[in-house]
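Please keep the sequence and the model open while reading.

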Amino acid sequence: MRYYSTKQHSVDVTLRKALIDCYAPDGGLYLPAGLPVVPKAFINNMGEMSLKETAYVICNMLFGEDIASARLKAIADEALSFDMPLISVGHNRYMMELFHGPTLAFKDISARFMAGLTKELYYDESKPLNIIVTTIGNTGAAVANSFKNDRNINVFVLFPKGVLSRSQLMQITAAGDNVRAVEVAGTIDDCKKMAGAAMLDESLCLKMNLTSANSANIARLLPQIIIFFYAAARLNSMGVCADKTVFSIPSGNLSAVTSGVISHRMGLETGKFVAACNGNNPFYRYLVTGRITSQPVRLTSARCMDTDNPTNLERLISLYANDMSRIREDIETATIGDDMIKSTINRMLMENGLLIDPHTAVAFAAADMLHPAEPALIFSTAHPAKSLDVMTSVTGKAMELPLQLTRFMAKPVHTDKIPPTYPALKKYLLQN
C-alpha cells in the first residue's frame, strides 16, 4: 500500500519511507491511499475470533504487501500479549479497558505495533535509528517501553516541565540505556513544535537518521484500527448492535478518532464517534468556525489531553476534504470540565464500584451529555493509577499501585533539561 501527504496528494511513498520519515517533504502527514475494504463475511464472523486473530487479519490487509504474513502474525502476537476486556456497566453503557499493557495505557497497543514494524522495516545495522517523541505522560512511557534496550535504536522523550507524575517519569527513565528523558521548560505544544521542526530539518534527519514515534507517524496511527474492529465484534457478541452504538473516545491529539474514521472507510459500521475533550477543546472551535484557532492551554485533571494543537486534526480535514457537514455527521464533541470529571469519577465509584481514571471519566460524561438514552461504548484509555495524585484528591482514598508502577520505585530518576527552543533541541540531539 502507498501513502500520500495531507498537503499534497501527489506525494506517493512506501510504508517504510512513511514510517522512517514520519512527515512528508511538504510538511504534511501521511495517510494510506486506496484503503482495503474488509469483507462483510469477516466482519460478520469477528465475534468468533480472538484479539490476536482479529489483529492479524486487519494488519495483513494494511501491511501485507510490505511485510510477510508470518512476520505480521509474530508482530501482532507480541504486540497484543494482553487483553482488552469489554464490560457492561449498566444504563446502556459499555466500557472497553485498553490499559492492560505493560505501561497501563492504551498507547501500549500502537507503540508496540510500531516497534515491531520498525524493527522489521529498518534493517541498517550500521546506522542507529533515533526516535523523538513528545509526551505529557502515557505516550512517552509506552514508546520507551516498546523500544527499550534496542542497541540499534535511541529514543528521546520530550516532556514539559512539571507535568509528569513521578511514576510516569520513572516508567520512562527506567526503560533502558537507549532512552533519554528530556525536560523542556515549556508546554506540550512547545515540545511538539520543537519535535516537528527537528523532523523537517533535512540535514539533521539525514545526519541522525531521525524519526518520530508520536501519532504523527502513520505506524502509530494505523494499528489503532484494530481496537475498533475488535470492540464492534465484542459488542455484537454481547447482543449489542455496534452500528447503533456511540463510540465515546477520550481525545487530545485525535489519533483514536482518526483511526475510527479510517475503520469506517474499511467497511466497519458503528454509531457516531464522540471526541470527548477536557476544558481544552480546539476540535470544538474547529467544528464551530471551520478554522484551526489557538488559545492558551489550561492544565486540567485529564492531563494527557491538555493540548491546543491536535496532531491528527490535519488528517481528519484531509480525510473529509474539509467538508464540515460530513465531519459533523460522523463526529461530535463535548467539552468536560474538571468539576464534571470529578463528579463522574465519584458517581461511577458509588454506583458501580468502578474506579475510572480522569480521561475515561471525560468519555463517560461526554456520552451522557450527548447521548443519554443511546447505547455507548466508552474507551477506557489508562489505569487510574496513572493519574494517582488526581485520583487521591478526587476520591479521598489511597490506591494500591499495580506492579507495572511499583517495580520502578527504587530506581533513580535522571532527566536532561533544555529550554523550549528548536536550536536548544538540535544542539542537544547532536551532542547525545
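**Cysteines**

The sulfur of Cys191 lies 13 Å from the closest cysteine sulfur, that of Cys304, which is too far for a bond. The model is a predicted one, and the count of disulfides in it is zero.

- A disulfide is a covalent bond between the sulfur atoms of two cysteines.
- Cys191 is buried, with a relative accessible area of 0%.
- Cys277 is buried as well, at 3% relative accessibility.

**Asp308**

- Asp308 sits in the loop between helix H13 (282-289) and helix H14 (313-319).
- With a relative accessible area of 10%, Asp308 falls under the 20% limit and therefore counts as buried.
- A polar atom of the Asp308 side chain lies 2.8 Å from the backbone nitrogen of Gln295.
- Beyond its neighbours within four places in sequence, Asp308 is in contact with Asp189, Pro282, Arg285, Thr293, Ser294, Gln295 and Val297.

**Largest pocket**

- The largest pocket holds about 820 Å³ of space.
- Its lining has 46 residues, and Lys192, Ser215, Asn253, Asn309 and Thr311 are the closest to the centre of this pocket.
- Strand E5 (129-134), helix H6 (138-146), helix H8 (188-199), helix H12 (255-265) and H14 each give the lining of the largest pocket at least two residues.
- H8 provides the largest share of that lining, with seven residues.
- By class, the lining of the largest pocket has 22 nonpolar, 19 polar and five charged residues.

**Second largest pocket**

- The second largest pocket has about 390 Å³ of space.
- Its lining consists of 14 residues, with Lys17, Asp21, Met199, Glu202 and Cys205 nearest the centre.
- Helix H1 (15-21) and helix H9 (202-208) each supply at least two residues of this lining.
- Nine residues of the lining of the second largest pocket are nonpolar, one is polar and four are charged.

**Cavity**

- The count is one cavity of 30 Å³ or more.
- The largest cavity has a volume of about 80 Å³.
- It is lined by 13 residues, and Gln168, Arg303, Lys386, Ser387 and Asp389 lie nearest its centre.
- The lining of the largest cavity comprises five nonpolar, five polar and three charged residues.

Technical notes:
Residues are numbered from 1 along each chain as its sequence is written. This is a predicted model: local features need pLDDT of at least 70, side-chain atom pairs count only at pLDDT 80 or more; totals for chains, interfaces and linings use all residues. Side-chain values use heavy atoms; hydrogens and water are left out. On a 1 Å grid over the protein atoms alone, a cavity is a set of points where a 1.4 Å probe fits but cannot get out, and a pocket is an open set with protein on both sides within 12 Å along at least five of seven lines; lining residues have an atom within 4 Å of a point. Grid points are joined across faces, edges and corners, and a volume is the space filled by probe spheres set on the points. Ala, Val, Leu, Ile, Met, Phe, Trp, Tyr, Cys and Pro count as nonpolar, Asp, Glu, Lys and Arg as charged, and the others, Gly among them, as polar. Helices (H or I, at least four residues) and strands (E, at least two) are DSSP runs, numbered from the N terminus. Buried means under 20% relative accessible area, exposed over 50%, partly exposed in between (1.4 Å probe, protein chains only). A polar contact is a pair of N or O atoms within 3.5 Å; within protein, one must be able to donate a hydrogen and the other to accept it, and residues adjacent in sequence count only if both atoms are side-chain atoms. Contact means heavy atoms within 4.5 Å. A disulfide is a pair of cysteine sulfur atoms within 2.5 Å.
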